[in-house]
Every structure is written in C-alpha cells, then in structure tokens.
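This briefing is written for a reader who is new to protein structures. Please keep the sequence and the model in view while reading.

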Amino acid sequence: MVKRIGIYPGTFDPITLGHMDIIERGAKLVDELIIGVTTNIAKSPMFDDDERIAMVEREVAGIDCERIRVVGFNSLLVDFARDMKAGIVIRGIRGVTDFEYEYQLTGMNRQLNDQVETVFLMADIELQPIASRLVKEIAFYGGPIGKFVTSAVRDDVEARVRKLGLRGGRGEG
C-alpha cells in the first residue's frame, strides 16, 4: 500500500482558526499531512519564517493526530511536493474568489507536475470570512481578533502590533 502524503501549504501569517479547521479535516484524508510554511513574495509577513513555523508547530501540537508535521520551504510548491514525496496538495476555499485563484494555481501546478493532485476543502461556514490579512488589519487598528485565532496566536499578534505600533485606533476615522 502506498502512503498518501499530503501538503497543506501557506504563509500562516498568522495561523487562523480557518487554517486549523482545514488542517484537522485534511489530516483525515491522508496518511501524513505536511504543513508547508512558506513566504509569499507578494506579501509582507508580520512574522518571519522561523516565527511562523514555531507558531504553527505550537498550534498543531494540540491536534490529536501524530501524522502531522510542519516544514518550512522556499521553492515552487510542486518542487516541495516532489521533495516531500507528496502526491496531494490540500487547499482551503472560502468562496468564489479563492476558488478562481486556486483553480488557476492548480492548472499551473499541473503543467509543472501532473503527478500532484489538488484537493479543495470548503471552509466551515462560520470560518469562511477569516483571512490572515484581515486579522492583521484588524489588529493593527486596535480591533479584537480573538474570534479568529487561538488565544496564543492573539497574544503573538498583539505583541507584534505593540512592537510595530498601531496604525489607528477604535473610534478614529
């Protein structure tokens, strides 16, 4: 029997409850789930690579699954998948905009390596609005983010915002 290895890639800047939902559900579909933490060159991360890897490791440690591991990577996803011997990429979809982007990305990845299949998981209806980008924006303007991330991640984000400085505050503008 061939071991089914899946990758759930992302920047996880920060990891949200939506990410955690996809991790928990994705882990049930494969024999081993590798959470690939990468830097998207189109984004400016709040946390550096090592901080994000440590954050994801801490958060997934609470999942009752011994088949999950966290690996940082800085390459094309298809190359990372090949290096990890993974044949499945798991992607979370929140809505139509996500699907359009992921559909295009999947097509490009298939052109680069047709041995890797992509599986889309719809986000839980209550978690669909959550996006790391929005969590950071809310935090930078002094808003509450506790509904979107774990308490440990909330503390990490709030500490980083204190270090970097608020961009506004409640009641302004």
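The structure is a predicted model, in which local features need pLDDT of at least 70 and side-chain atom pairs count only at pLDDT 80 or more, while totals for chains, interfaces and linings use all residues. Residues are numbered from 1 along each chain as its sequence is written, and side-chain values use heavy atoms, with hydrogens and water left out. Helices (H or I, at least four residues) and strands (E, at least two) are DSSP runs, numbered from the N terminus.

**Helix α4**

- Helix α4 has 17 residues and reaches 24 Å from its first C-alpha to its last. This is close to the 24 Å expected at 1.5 Å a residue, where the expected span is 1.5 Å times one less than the number of residues.
- The buried residues of α4 are D98, E102, T106 and N109. Buried means under 20% relative accessible area, exposed means over 50%, and partly exposed lies in between (1.4 Å probe, protein chains only).
- An α-helix has 3.6 residues a turn, so residues three or four places apart point the same way.
- The face of α4 turned away from its buried side carries exposed residues, among them V96, E100 and Q111.

**Cavities**

- A search of the whole structure finds 2 cavities of 30 Å³ or more. On a 1 Å grid over the protein atoms alone, a cavity is a set of points where a 1.4 Å probe fits but cannot get out, and lining residues have an atom within 4 Å of a point.
- The largest cavity holds about 60 Å³ of space. A volume is the space filled by probe spheres set on the grid points, which are joined across faces, edges and corners.
- Residues lining the largest cavity include L77, V89, R110 and V116. The elements that give two or more residues to this lining are α3 (77-84) and α4 (96-112), and α4 gives the largest share, 3 residues.
- By class, the lining of the largest cavity has 4 nonpolar, 4 polar and 1 charged residues. Ala, Val, Leu, Ile, Met, Phe, Trp, Tyr, Cys and Pro count as nonpolar, Asp, Glu, Lys and Arg as charged, and the others, Gly among them, as polar.
- The second largest cavity has a volume of about 30 Å³. The largest share of its lining, 4 residues, comes from α4.

**The largest pocket**

- The largest pocket has a volume of about 1300 Å³. A pocket is an open set of points with protein on both sides within 12 Å along at least five of seven lines.
- Of the 43 residues that line the largest pocket, the closest to its centre are G10, N40, K43, R91 and Y101.
- Helix α4 supplies the largest share of the lining of the largest pocket, 8 residues. This lining divides into 19 nonpolar, 15 polar and 9 charged residues.

**Aromatic pairs**

- The whole structure contains 4 aromatic pairs. Rings of Phe, Tyr and Trp (its six-membered ring) pair if their centres lie within 6.5 Å; planes under 30 degrees apart count as stacked, over 60 as edge-to-face and the rest as tilted.
- The ring centres of Y8 and F12 are 5.4 Å apart and the planes are at 75 degrees, so this pair is edge-to-face.
- For F73 and F80, the ring centres are 4.0 Å apart and the planes are at 5 degrees, so this pair is stacked. F73 is buried, with a relative accessible area of 10%, and F80 is buried at 3%.
- Ring pairs also link F99, Y103 and F120 into a cluster.

**Backbone details**

- Most residues other than glycine have a negative phi, and most peptide bonds are trans.
- F12 is not a glycine, but has a positive phi of about 50 degrees. F12 lies in the loop between β1 and α1 and is buried, with a relative accessible area of 1%.
- K85 is placed in the loop between α3 and β4 and is exposed, with a relative accessible area of 67%.
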